[in-house]
Amino acid sequence: MKNYEENYWTKRAGKYNKTSWVKDEDFIDAFLRMLPNKTFNSILEVGIGTGAIAEKVAENIGPLIGIDISKDMISKINHPNIAAMIGDARKLEFDNNTFDFIYMRNVIHYIDNQEEVFSQIYRCLKPGGYF
């Protein structure tokens, strides 16, 4: 992950929700408008961070699972429709064809082997699913 391992995110976790892009409602709403206008039974967020976006997705699209490499980031999540877990996008520990919808936001530029991550996402995405 381009040298952005857990230590980097541990240092950022405490102040992460105070950054402008995390608390900017207009920015979040613009992202949500880009998502499919439907509900899903199985959703995965890759790089859930503190769950700022996941909370909005869970309220509007459906309950979800979120993975992040940082336990300090996911420790900030407290939402009944979000199951957060430590995970690495390079090795998604889910069965093939598990999710109807997989998304990531503000993550791709931190990934050093994007092909490996996208291969994992494709493997976990149900046929006809959305990424």
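Modeller: Let us begin with a pair of strands: 5 bridges join strand β2 (residues 64-68) to β3, and the two run parallel. Within that pairing, Ile65 stands opposite Ala83 in β3. Before we go on, please keep in mind that this is a predicted model, in which local features need pLDDT of at least 70 and side-chain atom pairs count only at pLDDT 80 or more, while totals for chains, interfaces and linings use all residues. Residues are numbered from 1 along each chain as its sequence is written, and side-chain values use heavy atoms, with hydrogens and water left out.

Colleague: How should I read the words "strand" and "pair" here, and which order do the strands take in the sheet?

Modeller: In general, strands of a sheet pair through backbone hydrogen bonds, either parallel or antiparallel. Helices (H or I, at least four residues) and strands (E, at least two) are DSSP runs numbered from the N terminus, and two strands pair if DSSP finds at least two bridges between them. Here 5 strands form an open sheet in the order β3-β2-β1-β4-β5, with parallel pairing. The edge strands are β3 (82-86) and β5, each of which pairs on one side only. From one strand to the next the twist averages 30°, where axes are lines fitted to C-alpha atoms (for helices over the stretch in contact) and angles run from 0 to 180 degrees between N-to-C directions.

Colleague: Which strands are joined to β4, and by how many bridges?

Modeller: Strand β1 (residues 43-46) is joined to β4 by 3 bridges, and the two run parallel; in β4, the bridge partner of Glu45 is Tyr103. On to β5 (residues 125-130), which runs parallel to β4 and is joined to it by 2 bridges, with Phe101 opposite Tyr130 in β5.

Colleague: Is strand β4 buried or exposed?

Modeller: A residue is buried under 20% relative accessible area, exposed over 50%, and partly exposed in between (1.4 Å probe, protein chains only). In strand β4 (residues 99-103), 5 of the 5 residues are buried, so the strand is largely enclosed by the rest of the structure. For the protein as a whole, buried residues make up 44% of the 131 residues.

Colleague: How do I read an aromatic pair, and how many does the structure hold?

Modeller: Rings of Phe, Tyr and Trp (its six-membered ring) pair if their centres lie within 6.5 Å; planes under 30 degrees apart count as stacked, over 60 as edge-to-face, and the rest as tilted. The structure holds 6 aromatic pairs. The rings of Phe31 and Tyr103 have their centres 6.1 Å apart and their planes at 45°, so this pair is tilted. It links distant parts of the chain, since Phe31 is in helix α3 (residues 25-34) and Tyr103 in strand β4, 72 residues apart, and both Phe31 and Tyr103 are buried. Phe40 and Phe101 form a stacked pair, at 4.9 Å centre to centre and 20° between the planes. Phe40 lies in the loop between α3 and β1 and Phe101 in strand β4, so the pair ties together parts that are 61 residues apart in sequence. Ring pairs link Phe31, Phe40, Phe101, Tyr103 and Tyr130 into a cluster.

Colleague: What makes a contact a salt bridge, and how many are there?

Modeller: A salt bridge is a side-chain nitrogen of Lys or Arg within 4 Å of a carboxyl oxygen of Asp or Glu, and by this rule the count comes to 3. Glu25 forms one with Lys56, the closest N and O atoms being 3.4 Å apart. Glu25 lies in helix α3 and Lys56 in helix α4 (residues 52-60), so the pair ties together parts that are 31 residues apart in sequence. Another joins Asp100 and Lys126, with the closest N and O atoms 3.3 Å apart. Here Asp100 is buried, with a relative accessible area of 18%, whereas Lys126 is partly exposed, with a relative accessible area of 30%.

Colleague: What is there to notice about the phi of Asn97?

Modeller: Most residues other than glycine have a negative phi, and most peptide bonds are trans. Asn97, however, has a positive phi of about 55° although it is not a glycine. Asn97 is placed in the loop between β3 and β4, and at 41% relative accessibility it counts as partly exposed.
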